[in-house]
Amino acid sequence: MLMLSHFKGHAMGGFGGALKNMSIGVASGHSKAHIHGVGVPADLWTADHDSFLECTADACKGVMDYMGRRNIVYINVANRLSVDCDCSSNPEEPKMADIGIFASLDPVAVDQACVDAVYHSPDPGKSHLIERIESRNGIHTVEVANELGLGNREYEIVSLD
């Protein structure tokens, strides 16, 4: 299975990458409500934020357990980096230049590598995306996914250019 993600900011999660797209992107409408409502669909959009991020990581575990962990390749396309999710009907224009395409068999590593690439970029527009990530504690999904054994936050970049 190929999991292709457009890495960018996200209104609730701080950023969207492989983990967000595996959980929310694969979920049915009913399951999306369970994730956003932290198990209580009636609490959609009002649940505790860190608990929502934890449910996102837990939903990733469910997808990986079902699909088989060796059967998924994760690709994050980090271009047109906007603070807004592509689910927004009126997203803010990108403030940061493209930083590349990242691929891995490890969803935690690929998301961590993208976040690190944003932080280490010389692009002054990165401040907008960093503010979104930090104001939403976006890295928490990566932390929890790591704790759940879904991958590793340590990685090695291998450039193909």
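Ala27 sits in the loop between H1 and H2; helices (H or I, at least four residues) and strands (E, at least two) are DSSP runs, numbered from the N terminus. This is a predicted model, in which local features need pLDDT of at least 70, side-chain atom pairs count only at pLDDT 80 or more, and totals for chains, interfaces and linings use all residues. Residues are numbered from 1 along each chain as its sequence is written, and side-chain values use heavy atoms, with hydrogens and water left out.

**Ala27**
- Ala27 counts as buried because its relative accessibility is 16%; buried means under 20% relative accessible area, exposed over 50%, partly exposed in between (1.4 Å probe, protein chains only).
- Ala27 touches Lys32 and Ile35, leaving aside residues up to four places away in sequence; contact means heavy atoms within 4.5 Å.
- Ala27 and Ala59 are 32 residues apart along the chain, and their C-alpha atoms are separated by 8.4 Å.

**Helix H3**
- H3 (residues 49–67) has 19 residues and reaches 27 Å from first C-alpha to last, close to the expected 27 Å; the expected span is 1.5 Å times one less than the number of residues.
- Its buried residues are Phe52, Leu53, Thr56, Ala57, Cys60, Val63 and Met64.
- Seen down the axis of H3, these buried residues fall within an arc of 145°, so they line one face of the helix; the arc is that of the directions from the helix axis to the C-beta atoms.
- An α-helix has 3.6 residues a turn, so residues three or four places apart point the same way.
- The buried residues of H3 pack against H1 (18–23), H2 (29–36), E4 (73–78), H4 (107–120) and H6 (139–147).
- Gly68 follows H3, with a positive phi near 95°.

**Sheet**
- Three strands form an open sheet, ordered E1-E4-E5, with mixed pairing; two strands pair if DSSP finds at least two bridges between them.
- E1 (2–6) and E5 (100–104) stand at the edges with a single partner strand each, so one side of each is left without a neighbour in the sheet.
- The twist averages 15° from one strand to the next; axes are lines fitted to C-alpha atoms, for helices over the stretch in contact, and angles run from 0 to 180 degrees between N-to-C directions.
- E4 and E5 run antiparallel, joined by five bridges.
- Asn76 has Phe102 in E5 as its bridge partner.
- H4 packs on the sheet, touching E4 and E5, and its direction makes about 155° with that of E5.

**Aromatic pair**
- The structure holds one aromatic pair.
- The rings of Phe7 and Phe15 have centres 5.2 Å apart and planes at 40°, so the pair is tilted; rings of Phe, Tyr and Trp (its six-membered ring) pair if their centres lie within 6.5 Å, and planes under 30 degrees apart count as stacked, over 60 as edge-to-face and the rest as tilted.
- Phe7 and Phe15 are both buried.
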